[in-house]
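Hello,

Here is the structure for you to look through. My notes follow below it.

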Amino acid sequence: MSPTLEFSFRIAITVDAPTIVSSDPTRGKRQLIPILGGEVSGALEGHVLPGGVDSQFIQPDGLCRLSARYALATKDGTVYIENNGIRRLPSAFTANLFGDDMGFFKHVPVEDIYFKATPTFEVDDARLHWLTESVFICDAKRTPDTVNLDMYRVL
């Protein structure tokens, strides 16, 4: 039987400006993006707790390898998420990734950005245990100020 995907929930995350750790178009760029908050809807309902971070390394070819850590407060308890993945923009925007202004994202069509991740979950309540019993895939959409994460359970 081939796997199928079932939409589970969406996390709409508000982010702050990145902290640039290092940046060189020939070696890559390391940045830390603070997660300020956000909302959760679908099979989970609640909000994103402030204090998370998305650690990113942008390779010279523009491929972004990311590792985000953040937590949710839901009506059923707390969820800690580790979300690792990649983001790839059209090559016309690669040079913009090495600047300080991420406002250029408003000019990149969302459908032209490949942005996928594989989340894992830690939960503190038995009602949320279903998150730890399946593989999930995250389909992400980046805008200038937010990141929308659609979580799909692999069946």
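**Cysteines and cavity**

Cys138 is buried, with a relative accessible area of 1%. Buried means under 20% relative accessible area, computed with a 1.4 Å probe on protein chains only. Cys64 is buried too, also with a relative accessible area of 1%.

A note on the source: this is a predicted model, where local features need pLDDT of at least 70, side-chain atom pairs count only at pLDDT 80 or more, and totals for chains, interfaces and linings use all residues. Residues are numbered from 1 along each chain as its sequence is written, and side-chain values use heavy atoms, with hydrogens and water left out.

Back to the cysteines. The whole structure has 0 disulfides (a disulfide is a pair of cysteine sulfur atoms within 2.5 Å). Cys64 is in no disulfide. Why? The sulfur of Cys138 is 13 Å from the closest cysteine sulfur, in Cys64, and that is too far for a bond.

Now the cavity. A search of the whole structure gives 1 cavity of 30 Å³ or more. A cavity is a set of points on a 1 Å grid over the protein atoms alone where a 1.4 Å probe fits but cannot get out; lining residues have an atom within 4 Å of a point. The volume of the largest cavity is about 160 Å³, counted as the space filled by probe spheres set on the points, which are joined across faces, edges and corners. It has 18 lining residues, and Asp54, Ala68, Phe115, Val147 and Leu149 are the closest to its centre. Among the strands (DSSP runs of E, at least two residues, numbered from the N terminus), β1 (5-15) and β10 (146-154) are included in those that each supply at least two lining residues.

Best wishes

How values were computed:
1 Å grid on protein atoms, 1.4 Å probe; cavity = no way out; pocket = protein on both sides within 12 Å on 5 of 7 lines; lining within 4 Å. Helix = DSSP H or I, 4+ residues; strand = E, 2+ residues; numbered from the N terminus. Buried < 20%, exposed > 50% of the residue type's maximum accessible area, 1.4 Å probe, protein only.
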